[in-house]
Amino acid sequence: MTTPEFGRLERVDLREGWESEPRDFTPWLAQPENLAVLSQTLNMDLVTAGQEESVGPFRADILCRNTLDDSWALIENQLERTDHTHLGQLLTYAAGLQTVTIIWVAATFADEHRAALDWLNEITGEGFRFFGIEVELWKIGKSPAAPRFNVVSRPNDWSKAARHSVNVGTSPTDLQYQHFWNQLDRHLEKKDSSVRVTSQRTRRWTAYRLGLAEFHLEATLRRQAKDIVVHLALKGRHSKAHFALLEKDKEAIEREIGTALEWDELPDQELSRINLRRSADPTDESQWPTLLEWTAETLEKFDGAFRERVRRLDAADWQPDDEMQEE
């Protein structure tokens, strides 16, 4: 039996990757593909709203929207050990915005600053969330260095809360649907699925990230229609352009997923959907084993068909047809 050869991880000094925090690291992190890595670490879906935004007497490095709950998030960066000055800035940001997620990214967290974030998460209300993130660079041999984000401080029960709805009620139907979504979470985790659990959930539906704020995978339970729907949701001002570009590739997409899909442009909204439905009574728990398996498999097929496609989309590539131009 041949013994496999393995490389060895080597830690890289952060300054080899980013010489300057304001000139190099902050612009790098603000790019969608890099912010997506941090989003996955935090179980959020962050999209950059601005850099060096004024908040009181200070300027926040990156101002973001968490599109899963449409809340503000501020990112403050340090390529060195945390200090009291930056802690004071974070408190100023929290006071200025009232409801916000504060994300402090640093090379190393001092014990007192980690303890301070833990204390802030204990004493502040639900409108505030404080995260401490250490950033590292690693490589194997002569490979390019790869960043890794490690969470060192987070709100109490954040991991647990991220699995449950922020808007789920307590009626018997609400609780039953919540139980279904929790089982789906466990089903996906057991399969080590590429579809990642998020905190965005209501009684009827749950959402999953694709790495870009304008696109989500969603699953919806419909009691009256007696079905479950898995769909790609395209959101924002470019949703129609993105929908048209994907529709040009309709034949290949449906071939990959293995069936015809419903292409629902929703012309009067800043939203479009691509759907696949399965008839079932979501309140009949005897149907759940089959329904959970179908939902997990369908989400994975959608993830496989759309994840890289949506990353390549550019709304500027869409040209309205002649009829639309004449109007």
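## How the helices cross

A crossing counts as right-handed if the near helix is turned clockwise from the far one by less than a right angle. That is the sense in which helix 7 passes helix 10 in this predicted model. Helix 7 covers residues 172-190 and helix 10 covers residues 288-312; their axes sit 10 Å apart, at an angle of about 55°. The angle band from 65 to 115 degrees is kept for roughly perpendicular pairs and anything under 35 for roughly parallel ones, so helix 7 and helix 10 come out as oblique to each other.

On the helix 7 side, the residues doing the touching are Q176, H179, F180, Q183, L184, H187 and L188. Helix 10 answers with W288, L291, L292, E293, T295, A296 and L299. Sorted by class, this contact has 8 nonpolar residues, 5 polar and 1 charged.

## Overall picture

Stepping back, the protein has 11 helices and 12 strands. Of its 327 residues, 48% are buried. Take the contacts between residues at least 6 apart in sequence: 61% of them join residues at least 24 apart.

The average pLDDT for the protein is 84, and 87% of the residues reach at least 70. Among the elements, helix 9 (residues 250-257) has the highest mean, 96, while helix 11 (residues 322-326) has the lowest, 44.

Two stretches deserve a mention here. Residues 159-169 have pLDDT below 50, and in the model that stretch has 26 contacts beyond near neighbours in sequence. Residues 322-327 are also below 50, with 3 such contacts.

## Around helix 9

Back to helix 9: its buried residues are A252, I253, E254 and I257. What covers them? The cover includes helix 8 (239-248), strand 11 (262-264) and helix 10. Just after helix 9 comes G258, which takes a positive phi of about 100°.

## A look at T220

Is T220 buried or exposed? With a relative accessibility of 8%, against a cut-off of under 20%, T220 counts as buried. T220 belongs to strand 9, which runs over residues 215-222.

Leaving out residues up to four places away in sequence, T220 touches W181, R204, W205, D227, I228, V229 and H231.

Technical notes
Residues are numbered from 1 along each chain as its sequence is written. This is a predicted model: local features need pLDDT of at least 70, side-chain atom pairs count only at pLDDT 80 or more; totals for chains, interfaces and linings use all residues. Side-chain values use heavy atoms; hydrogens and water are left out. pLDDT is the predictor's confidence in each residue, from 0 to 100. Helices (H or I, at least four residues) and strands (E, at least two) are DSSP runs, numbered from the N terminus. Contact means heavy atoms within 4.5 Å. Axes are lines fitted to C-alpha atoms, for helices over the stretch in contact, and angles run from 0 to 180 degrees between N-to-C directions. Angles under 35 degrees count as roughly parallel, over 145 as roughly antiparallel, 65 to 115 as roughly perpendicular and the rest as oblique. Ala, Val, Leu, Ile, Met, Phe, Trp, Tyr, Cys and Pro count as nonpolar, Asp, Glu, Lys and Arg as charged, and the others, Gly among them, as polar. Buried means under 20% relative accessible area, exposed over 50%, partly exposed in between (1.4 Å probe, protein chains only).
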